[in-house]
Every structure is written in structure tokens, then in C-alpha cells.
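Thanks for coming. I will take you through one structure, a few residues and strands at a time.

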Amino acid sequence: MQAVINWQGELQFNARADSGHDVAIDGPPDLGGQNAGSRPMELMLMGVGACSAMDVMHILKKARQDVTDCRIEVDGTRADTEPKIFTAIHMTFVVTGHGLSDKQVARAVQLSAEKYCSASIMLQDSVDISHSHRIEAAA
């Protein structure tokens, strides 16, 4: 897997990995950026959440759960001093569907956390990563 990050001027960069999709990255105006893209640490948080979300949805599909929506709320806590690494990340999976099994949703979240999510497992030795879920009935 490879990625190429190209400078666009000031603090703006364009990133592209093997999938061929562009991602705009920029810094905040107070540091000289133009707020024209996501911050690198935001991308890390989004990556961890998306990685786990894909696992959970794949597992729930295999379990024949009737999921109509899935939202992952990812909360990251960073250190107060440099380097301002994530010290904790909490993911809340909000799964909506018809007749969803709490046991199946909990199992999917657990399997992602313990076995499948490369991104969160990679960080688990240095970041306190936790998970929760709730089920909402589809209309």
C-alpha cells in the first residue's frame, strides 16, 4: 500500500493512495492554513472509525441483520502537550434496523475491536480505545 502527499501551497496538501481518491488536507488559519481540508489527526480519527464501521457492517450482513443505517460517533481525547497524540478514543455504534439482535450487534463490535480492525488494533498499545453501541428501530 502506498500514498503520495503533494504540497499545494501554504499548509495545503493533496493526498492520494492506491484507490486513486483524492483527500484534501489543510491546517487551521491560525497556523497559516486556509481551512480547505481535514486536519491529519481528524483523518486518523475518521480512519479508525471507518475501519471498525466496515467490519461491523460486514459482520452484521453475514449475520443477516436487517440494518437500514449505521452511524459511528468517534470521540478522541488528545494530550495537552506536544506531541498531542490521542490518549483515548471512544466509538459509539448507532445501528438502525428492523428486529436487530443486541447480541449480534455487540458481537460485531467486539469482533471488530479484538480481531479485525487493523487501525484500532494498531493503536491499542498506546491509546485507550473503547466501544459502545445502541440500537434504534427503523421507521
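Is Ile85 buried, exposed or partly exposed? Ile85 has a relative accessible area of 43%, so it counts as partly exposed. Here buried means under 20% relative accessible area, exposed means over 50%, and partly exposed is in between, with a 1.4 Å probe and protein chains only as cover.

Before going on, a word on the source. This is a predicted model, in which local features need pLDDT of at least 70 and side-chain atom pairs count only at pLDDT 80 or more, while totals for chains, interfaces and linings use all residues. Residues are numbered from 1 along each chain as its sequence is written, and side-chain values use heavy atoms, with hydrogens and water left out.

Back to Ile85. You will find Ile85 in the loop between β4 and β5, the latter being residues 86-98. Strands are DSSP runs of E with at least two residues, numbered from the N terminus. Leaving aside residues up to four places away in sequence, Ile85 touches Met41, Thr77, Arg78 and Ala79, where contact means heavy atoms within 4.5 Å. Between Ile85 and Gly27 there are 58 residues in sequence and 17 Å in space, C-alpha to C-alpha.

Three strands make an open sheet in the order β1-β2-β3, and the pairing is antiparallel. The strands β1 (3-9) and β3 (22-25) stand at the edges with a single partner strand each, so one side of each has no neighbour in the sheet. On average, neighbouring strands of this sheet are turned by 25° against each other, direction ignored; the axes are lines fitted to C-alpha atoms, and angles run from 0 to 180 degrees between N-to-C directions. Two strands pair if DSSP finds at least two bridges between them. For β1 and β2 (residues 12-17), there are six bridges in the antiparallel sense.

Ile5 is partly exposed, because its relative accessibility is 49%. Together with Trp7 and Phe13, Ile5 forms a nonpolar patch on the surface, with about 330 Å² of accessible area in total. Such patches take residues with over 30% relative accessible area and no salt bridge, joining nonpolar side chains (Val, Leu, Ile, Met, Phe, Trp, Tyr) within 5 Å and like charges within 9 Å. In the segment before β1 sits Met1, which is exposed at 96% relative accessibility.

Now the charged pairs. How many salt bridges are there? The count is four, with a salt bridge being a side-chain nitrogen of Lys or Arg within 4 Å of a carboxyl oxygen of Asp or Glu. One of them joins Asp22 to Arg16, with the closest N and O atoms 2.7 Å apart. Asp22 is partly exposed at 43%, and Arg16 is partly exposed at 42%.

Another salt bridge runs from Glu73 to Arg134, where the closest N and O atoms are 3.7 Å apart. This pair links distant parts of the chain, as Glu73 is in β4 (residues 66-78) and Arg134 is in β6 (residues 128-137), 61 residues apart. Arg134 also forms a salt bridge with Glu136, at 3.5 Å between the closest N and O atoms. Glu136 is partly exposed at 32% relative accessibility. Finally, Arg71, Glu73, Arg134 and Glu136 are linked in a network of salt bridges.

Technical notes. Helices (H or I, at least four residues) and strands (E, at least two) are DSSP runs, numbered from the N terminus. Accessible areas come from the Shrake-Rupley method with a 1.4 Å probe; for residues, only the protein chains shown count as cover.
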